[in-house]
Amino acid sequence: MRTAIFPGTFDPFTIGHYSVVSRALTFMDEVIIGIGINENKNTYFPIEKRVEMIRKLYKDEPRIKVMSYDCLTIDFAQQVNAHFIVRGIRTVKDFEYEETIADINRKLAGIETILLFTEPELTCVSSTIVRELLSYNKDISRFIPEGMEM
């Protein structure tokens with residue numbers, strides 16, 4: 001079985017994230033959305049709320065699991081028996097960062113990283129921007145997946 005993790009903070013989970021998961025399901029048997037706990041990040045939603053929102057979004061998709069983790073991503077991948085990491089790339093800057101991490105992950109754990117380029121119309125969507133809009137009570141409905149409950 002081909003299992004991949006899709007790691008991130010997902011604060012909040014956006015239409016860009018949703019696109020990456022949908023596309024990963026075309027070549028993976030299972031995708032585990034791994035919500036990393038990072039004490040150095042100031043998050044808008046608590047970890048429990050993020051897990052709950054994403055689980056509800058995928059409640060009818062048995063090939064998706066949603067879990068939180070508090071360790072290195074490669075250690076989490078090994079814990080859930082995933083041999084692939086899926087990441088979305090919006091910019092050249094993202095690519096340079098992800099390439100370095102992918103090389104280290106492959107050297108340390110033999111885990112391959114699959115980079116999916118963001119669809120052009122979604123390159124402007126980021127969790128950071130959506131969080132800022134939320135902080136000013138703006139409507140974010142066009143930036144999150146349809147049916148996602150906040």
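How many salt bridges does the count come to? Let's work up to that together, one exercise at a time.

This is a predicted model, in which local features need pLDDT of at least 70 and side-chain atom pairs count only at pLDDT 80 or more, while totals for chains, interfaces and linings use all residues. Residues are numbered from 1 along each chain as its sequence is written, and side-chain values use heavy atoms, with hydrogens and water left out.

**Exercise 1. Salt bridges**

Task: Give the count of salt bridges, then follow the network that holds Glu52, Lys56 and Glu149.

Solution: 
- Start with the rule: a salt bridge is a side-chain nitrogen of Lys or Arg within 4 Å of a carboxyl oxygen of Asp or Glu. By this rule the count comes to eleven.
- Why can such pairs form? Side chains of opposite charge can pair when their charged atoms come close.
- Take Glu52 next: a salt bridge joins Glu52 to Lys56, with 3.2 Å between the closest N and O atoms. Both residues sit in helix α2 (residues 47-57), four residues apart, or about one turn of the helix. Helices here are DSSP runs of H or I with at least four residues, strands are runs of E with at least two, and both are numbered from the N terminus.
- Now move to Glu149, whose side chain meets that of Lys56 in a salt bridge at 3.8 Å, N to O. This pair links distant parts of the chain, since Glu149 is in the segment after α5 and Lys56 is in helix α2, 93 residues apart.
- Put together, Glu52, Lys56 and Glu149 are linked in a network of salt bridges.

**Exercise 2. Buried or exposed?**

Task: Sort Glu52, Lys56, Thr9 and Asp60 by accessibility.

Solution: 
- Recall the cut-offs: buried means under 20% relative accessible area, exposed over 50%, and partly exposed in between (1.4 Å probe, protein chains only).
- Glu52 counts as partly exposed because its relative accessibility is 36%. Lys56 has a relative accessible area of 40%, so Lys56 is partly exposed.
- Thr9, at 17%, counts as buried.
- Asp60 is exposed, and so is Lys59; their side chains meet in a salt bridge (3.8 Å, N to O).

**Exercise 3. Helix α1**

Task: Describe the start of α1 and its buried residues.

Solution: 
- At the N-terminal end, Thr14 caps α1, with a side-chain oxygen 3.2 Å from the backbone nitrogen of Gly16.
- Gly16 is buried in α1, as are His17, Ser19, Val20, Val21 and Ala24.
- The buried residues of α1 pack against β1, β2 (30-36), β3 (64-69), β4, β5 (112-117) and α5.

Key:
Contact = heavy atoms within 4.5 Å. Polar contact = N/O pair within 3.5 Å; in protein donor to acceptor, adjacent residues only side chain to side chain.
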